[in-house]
Amino acid sequence: MASSVVQKMAGAVRVGKLAAMAGAGALLLGACMSVPTQRVALVPVAAADPVSVIQLSRMVSAQLSNDSLVTLSAGSQWQRVGALPQGDAYRSLSGLFTIQTRRQAEAYVVASSGKLVGFYLPGESAYLSLTRPVTLPVEMRQ
Amino acid sequence: MKVWLMKLAAVAATAVALAGCAGPQYQSLQGRIPPIAQGNGRIYFYQQQTTPVAAAQQKLRVNQDVVGRNKPGSFFFVDRPAGSYVVTNLYWTGEGVSFMLDAGQTRYVRVTAESLGSTGAVGNLSMELVDPPERAEAEMLRLRYWGAATPERVPGL
């Protein structure tokens with residue numbers, strides 16, 4: 001009887017340890033995947049402004065500071081939805097566009113002087129800067 | 001006789017309650033799900049897994065509010081004003097998704113529970129934004145409605 005109680009307690013301790021290890025692992029992984037962001041306020045495009053859409057002529061790849069690679073598809077279309085101090089923000093018109101940081105985040109492309117300079121995460125009101133801006137091959141403007 | 005009737009009533013009540021737990025399938029709810037109120041968007045949560053090892057549940061949070069729990073083979077939804085949202089588990093341990101919810105828009109969050117081997121305990125809860133909506137709706141067809149937290153439940157479903 002007593003030994004069964006001891007066995008149950010040992011089992012509970014083992015489960016607790018496993019859960020703690022998994023939690024710690026998740027936190028470490030999360031820290032590993034995280035990228036520095038800064039809080040920003042997007043100034044939305046005024047309703048009276050003309051709609052501005054760009055289309056990429058070829059695929060664009062950009063590396064985040066956590067070493068993950070973000071790809072914008074050739075032919076993808078992006079609509080200007082607002083402005084940040086860092087540049088203009090464009091939302092995907094070709095389906096949901098997300099990037100993987102600490103979590104999967106919807107992202108808008110931020111461009112300045114014809115270059116992709118970072119991403120705006122609208123769900124977190126945060127800006128994520130690229131260490132190396134990438135030229136945006138814009139094929140079409142409306 | 002009276003005791004017998006009371007027992008029967010109790011059994012019937014339990015059966016009704018259990019049937020309520022199971023919930024109707026998404027495919028049978030077409031036309032019964034209320035429309036989204038003006039200015040709001042809708043967030044669906046669903047979990048396809050049906051394996052018993054992943055059966056444990058965790059609370060899910062939309063921004064600061066706990067809105068319900070995941071349940072294998074089930075779905076639920078909450079309506080929120082258009083705006084910015086972060087969806088994660090109760091303890092905000094990193095996994096999750098963030099997005100902009102427009103008025104009239106519906107977002108779909110697929111929840112996957114990672115089991116800790118034979119213990120049956122659930123480790124990380126991972127979430128994924130599913131797009132396009134048709135894909136999410138196809139994945140939800142056979143899933144059963146599992147109510148959100150009490151204030152969010154839809155009466156009659």
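I looked up Phe97(A) and found 12% relative accessibility, so Phe97(A) counts as buried. Buried stands for under 20% relative accessible area, exposed for over 50% and partly exposed for values in between, with a 1.4 Å probe and protein chains only. I note that the model is predicted: local features need pLDDT of at least 70 and side-chain atom pairs pLDDT 80 or more, while totals for chains, interfaces and linings use all residues. Residues are numbered from 1 along each chain as written, chains are lettered from A and ligands numbered from 1 in written order, and side-chain values use heavy atoms, without hydrogens and water.

I then looked up Trp78(A), which counts as buried at 3% relative accessibility. Trp78(A) and Phe97(A) are edge-to-face because their ring centres are 5.1 Å apart and their planes stand at 80°. Trp78(A) is in strand E6 (residues 77-84) of chain A and Phe97(A) in the loop between E7 (87-92) and E8 (98-100), 19 residues apart. Helices (H or I, at least four residues) and strands (E, at least two) are DSSP runs numbered from the N terminus.

**A pair in chain B.** I find the rings of Tyr44(B) and Phe75(B) 6.1 Å apart at their centres with planes at 35°, so this pair is tilted. Tyr44(B) lies in strand E1 and Phe75(B) in strand E4 of chain B, 31 residues apart. Phe75(B) is buried with a relative accessible area of 0%, and Tyr44(B) is buried with 4%.

**Cores.** Which residues have the most contacts inside the largest nonpolar core? I list Phe45(B), Phe75(B), Phe76(B), Phe99(B) and Val109(B), in a core of 35 residues. A nonpolar core is a set of buried Ala, Val, Leu, Ile, Met, Phe, Trp, Tyr and Cys residues joined through side-chain atoms within 4.5 Å. Chain B elements that each supply at least two residues of this core include strand E7 (106-115), strand E8 (122-129) and helix H2 (133-140). Leaving out residues up to four places away in sequence, Phe45(B) touches, among others, Leu60(B), Val87(B) and Val109(B), a contact being heavy atoms within 4.5 Å. A second, separate core of 22 residues includes Ile54(A), Ala62(A), Leu72(A) and Leu130(A).

**Cavity.** My search of the whole structure gave one cavity of 30 Å³ or more. On a 1 Å grid over the protein atoms alone, a cavity is a set of points where a 1.4 Å probe fits but cannot get out, and lining residues have an atom within 4 Å of a point. The volume of the largest cavity is about 40 Å³, taken as the space filled by probe spheres set on the points, which are joined across faces, edges and corners. Its lining includes Phe45(B), Arg69(B), Lys71(B), Phe75(B) and Trp146(B).

**Backbone.** I find a cis peptide bond between Asp131(B) and Pro132(B), with omega about 5°. Pro132(B) sits in the loop between E8 and H2 of chain B. Ser113(A), not a glycine, has a positive phi of about 50°; Ser113(A) counts as exposed because its relative accessibility is 77%.

Terms used
1 Å grid on protein atoms, 1.4 Å probe; cavity = no way out; pocket = protein on both sides within 12 Å on 5 of 7 lines; lining within 4 Å. Phe/Tyr/Trp six-rings, centres within 6.5 Å; stacked < 30°, edge-to-face > 60°.
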